[in-house]
Amino acid sequence: MSETKRPASNIDRLLRYREVEEVTGFRRSTIYFWMSKGLFPKPLKIGRAIAWRERDIQKWMDERAEATA
């Protein structure tokens, strides 16, 4: 199976909860649980909202894939 890498970018996109759920396939409750255990990237607080750096989520997913391979 070939891996498709995203093109390098200097701009780090911010992902909101809904996007993180779509990208990871995990629900909000699971993400919160893992965050409380230190097993998921910490979000940035932007006013009242929170968001994750896309690169942090991608790195986390890559590390999980390597650990299960």
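## Surface and overall fold

The protein chain exposes about 5900 Å², of which carbon and sulfur atoms supply 51%, with accessible areas taken from the Shrake-Rupley method with a 1.4 Å probe. Of its 69 residues, 20% count as buried, where buried means under 20% relative accessible area, exposed means over 50%, and partly exposed lies in between (1.4 Å probe, protein chains only).

This is a predicted model, in which local features need pLDDT of at least 70 and side-chain atom pairs count only at pLDDT 80 or more, while totals for chains, interfaces and linings use all residues. Residues are numbered from 1 along each chain as its sequence is written, and side-chain values use heavy atoms, with hydrogens and water left out.

The protein chain has three helices and three strands, which follow the pattern β-α-α-β-β-α along the sequence; helices (H or I, at least four residues) and strands (E, at least two) are DSSP runs, numbered from the N terminus.

## Helix α1 and its cover

In helix α1 (residues 17-24), the buried residues are Tyr17, Val20 and Thr24. They cover an arc of only 60° around the axis, and therefore lie on the same side of α1, the arc being that of the directions from the helix axis to the C-beta atoms. Arg18 and Glu22, on the other side of α1, are exposed.

The buried residues of α1 are covered by elements including β1 (14-15), α2 (28-36), β3 (49-53) and α3 (54-68), a contact being heavy atoms within 4.5 Å. Just after α1, glycine 25 takes a positive phi of about 85°.

## The nonpolar core

The largest nonpolar core has 10 residues, namely Leu15, Tyr17, Val20, Ile31, Trp34, Met35, Phe40, Trp52, Ile57 and Trp60; such a core is a set of buried Ala, Val, Leu, Ile, Met, Phe, Trp, Tyr and Cys residues joined through side-chain atoms within 4.5 Å. Helices α1, α2 and α3 each supply at least two residues of this core, and α2 gives the most, with three.

## Aromatic pairs

The structure holds seven aromatic pairs, counted where rings of Phe, Tyr and Trp (its six-membered ring) have centres within 6.5 Å, with planes under 30 degrees apart called stacked, over 60 edge-to-face and the rest tilted. The rings of phenylalanine 40 and tryptophan 52 have their centres 6.1 Å apart and their planes at 80°, so this pair is edge-to-face. Phenylalanine 40 lies in the loop between α2 and β2 (44-46), whereas tryptophan 52 belongs to strand β3, 12 residues apart.
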